[in-house]
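User: I have a structure to go through with you. Can we start with the sheet and then move on to helices and charges?

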Amino acid sequence: MRAKQMPSSSTRSKSQLLLLFSVLSLLAISFPFFFFSSPSHPTASSSTYTHPHPRVPPETSFVASLENFLTHKAPTYRTSDDTVRSALHDDVTSFDDRQFAKEMDWVHRDPYYPLNFPIRVYVYDMPKKFTFDLLWLFRNTYRGTSNLTSNGSPVHRLIEQHSIDYWLWADLIAPESERLLKNVVRVDRQEEADLFYVPFFTTISFFLLEKQQCKALYREALKWVTYQPAWKRSEGRDHIFPIHHPWSFKSVRRYVKNAIWLLPDMDSTGNWYKPGQVSLEKDLILPYVANVDLCDANCVSESESKRTTLVFFRGRLKRNAGGKIRSKLVTELADAKDVVIEEGTVGEQGKAAAQKGMRTSTFCLSPAGDTPSSARLFDAIVSGCIPVIISDELELPFEGILDYRKIAIFVSSTDSVQPGWLLTYLKGISSTQIREMRKNLVEFSRHFVYSSPAQPLGPEDLVWRLMGGKLVNIKLHTRRSQRVVKESRSVCSCDCRRGNITGSHRSLPV
């Protein structure tokens with residue numbers, strides 16, 4: 001038998017060299033792919049997020065999160081004094097020069113600028129009477145009062161619904177080691193900022209202070225902000241104001257109309273905002289804070305067999321403006337089979353009744369309120385109840401990113417009150433489509449749950465994704481305004497020395 005031939009050492013060496021060469025060739029080919037397929041700027045994909053620190057269970061209750069914030073974090077947070085100092089012309093010019101130098105540096109170093117992530121935000125260190133004092137006021141009066149507005153809505157619950165100012169601020173000022181969002185960072189130097197955040201709690205002050213006291217505080221906050229060099233440089237175009245309740249900051253809004261407003265809707269009826277004050281180009285719509293607990297995937301699955309009600313609504317049945325559709329719907333759907341329409345009640349019992357009703361219903365009505373938007377929409381989404389949106393002028397939050405057709409039914413106000421039309425239409429939707437929409441609701445709900453720490457793909461995250469798209473326009477309008485300012489400085493030199501560098505700037509209220 002022929003003996004087995006063993007390879008020589010020179011043959012083995014050649015084989016090993018050939019194998020090593022092949023591996024190195026593969027790595028050389030693969031490296032550019034992995035390098036360029038890992039973007040340096042976050043995108044809409046959640047896979048771009050890493051979590052370098054242990055995950056902390058998020059707190060989604062405003063009251064619980066606020067309690068923890070005030071008792072554990074507020075004592076270590078330093079705030080500025082209460083002095084309002086006016087910015088001189090030289091201060092503004094110096095800041096403008098520093099900002100220009102920084103922007104030129106970014107232009108040459110960052111190929112994506114001004115479409116850059118993370119967004120750099122400077123958070124104003126405002127006197128505590130505009131921030132912490134108002135949060136303490138809410139906390140100390142939450143349990144002991146049951147104040148109602150003129151139309152019967154519970155004051156503290158309204159503040160919770162519009163507490164987007166708290167959730168955004170709490171995330172921005174949190175230590176970086178505790179934050180999960182990577183598309184926005186807080187900067188310590190104003191010239192490094194893309195945007196400026198104004199942490200003034202306009203809704204709390206409106207509802208919990210006496211009318212004249214509130215207006216006085218609004219004027220003080222306005223004076224404090226508009227005297228800042230960064231404000232004067234851009235006339236407020238790169239400043240973010242949380243004005244989420246349509247009544248808040250109303251007496252001085254006209255002085256900050258260039259700023260970015262965080263709103264519940266655009267209110268095209270004209271009842272709440274003056275013409276030219278709000279626009280989709282300038283401002284951003286944020287969802288209300290839900291009044292009910294999140295019904296997660298397990299909850300939605302378990303409630304499948306319990307959803308015996310076809311249509312559910314619980315809330316105020318009489319509203320103004322576009323909300324008049326509610327009383328018409330009551331007339332149309334009264335006594336219909338498998339339909340529950342109830343007048344809302346306040347307190348924990350009211351919340352429990354609304355939560356139970358939504359979790360046992362297939363469709364939840366979301367008609368307009370006093371404004372085109374309604375908190376019921378977001379209550380329905382987090383409850384796994386398919387929203388039926390009846391609001392012809394509604395602009396939705398994050399609609400540039402989210403496709404609401406996957407989770408909601410849109411019905412015109414005219415069709416909704418035609419005899420028999422609405423129920424016939426809803427009964428005609430197949431069980432397959434209903435299951436698919438409910439599955440989508442489970443996925444979408446994360447986009448409407450505020451939390452601490454703020455979560456990737458949560459509403460705080462989507463705010464900054466959409467804000468990034470506004471940066472180019474902001475910088476364009478800022479440059480244009482500066483061009484006019486420089487040409488008119490010789491005309492308004494006296495005003496400049498008093499801190500007013502624009503000839504067209506309106507006098508502030510006193």
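**Sheet, helix and charges**

Analyst: Starting in the sheet, Phe410 of β11 is the bridge partner of Ile389. This is a predicted model.

User: How do β10 and β11 pair, and over how many bridges?

Analyst: β10 and β11 run in the parallel sense, and 2 bridges pair them.

User: What is the bridge partner of Ser366 in β10?

Analyst: Ser366 has Ile389 as its bridge partner in β10. β9 and β10 are parallel and are joined by 5 bridges.

User: What's the strand order of the open sheet?

Analyst: The order is β8-β7-β9-β10-β11, an open sheet of 5 strands with parallel pairing.

User: Is β10 buried or exposed?

Analyst: Buried: 5 of the 5 residues of β10 are, so the strand is largely enclosed by the rest of the structure.

User: Which way do its side chains point?

Analyst: From β10, Ile386, Val388 and Ile390 point one way, while Pro387 and Ile389 point the other way; all are buried.

User: What does Phe312 pair with?

Analyst: In β9, the bridge partner of Phe312 is Cys364. In β8, Phe312 stands opposite Val340.

User: Which residues of α16 are buried?

Analyst: Ile434, Met437, Arg438, Asn440, Leu441 and Phe444 are buried in α16. Looking down the axis of α16, the buried residues fall within an arc of 160°, so they line one face of the helix. In general, an α-helix has 3.6 residues a turn, so residues three or four places apart point the same way.

User: What is on the face turned away from the buried side?

Analyst: That face of α16 carries the exposed residues Thr432 and Lys439.

User: And what covers the buried residues?

Analyst: The cover for the buried residues of α16 includes α10 (297-302), β9 (361-367), α13 (376-383), β10 (386-390) and β11 (409-410).

User: Where is His447 found?

Analyst: His447 is in the loop between α16 and α17 (459-468). His447 is buried, with a relative accessible area of 10%.

User: What does His447 touch?

Analyst: Leaving out residues up to four places away in sequence, His447 touches Phe398, Leu402, Leu457, Gly458, Pro459 and Leu462. A polar atom of the His447 side chain lies 2.8 Å from the backbone oxygen of Leu457.

User: Charges now. How many salt bridges does the structure hold?

Analyst: The structure holds 18 salt bridges. One of them is between Glu178 and Lys73, with the closest N and O atoms 3.5 Å apart. This pair links distant parts of the chain, 105 residues apart: Glu178 is in the loop between α6 (164-172) and β2 (184-186), and Lys73 is in helix α2 (residues 62-73).

User: How exposed are those two?

Analyst: Glu178 is partly exposed, with a relative accessible area of 37%. Lys73 is also partly exposed, at 28%.

User: Are Glu235 and Arg237 buried or exposed?

Analyst: Both Glu235 and Arg237 are buried. Their side chains meet in a salt bridge at 3.0 Å, N to O.

User: And Arg405 with Asp403?

Analyst: The side chains of Arg405 and Asp403 meet in a salt bridge at 2.9 Å, N to O. Arg405 is exposed, with a relative accessible area of 64%, whereas Asp403 counts as partly exposed at 25% relative accessibility. Elsewhere, salt bridges that share partners join Asp171, Glu176 and Arg179 into one network.

User: Last one: what are the totals for the chain?

Analyst: The protein chain has 19 helices and 11 strands. Buried residues make up 49% of its 510 residues.

Note on methods. Residues numbered from 1 in each chain as written. Predicted model: local features only at pLDDT ≥ 70, side-chain atom pairs only at ≥ 80, totals over all residues. Heavy atoms only, no water. Salt bridge = Lys/Arg side-chain N within 4 Å of Asp/Glu carboxyl O. Helix = DSSP H or I, 4+ residues; strand = E, 2+ residues; numbered from the N terminus. Buried < 20%, exposed > 50% of the residue type's maximum accessible area, 1.4 Å probe, protein only. Arc of directions from axis to C-beta. Contact = heavy atoms within 4.5 Å. Polar contact = N/O pair within 3.5 Å; in protein donor to acceptor, adjacent residues only side chain to side chain. Pairing = 2+ DSSP bridges.
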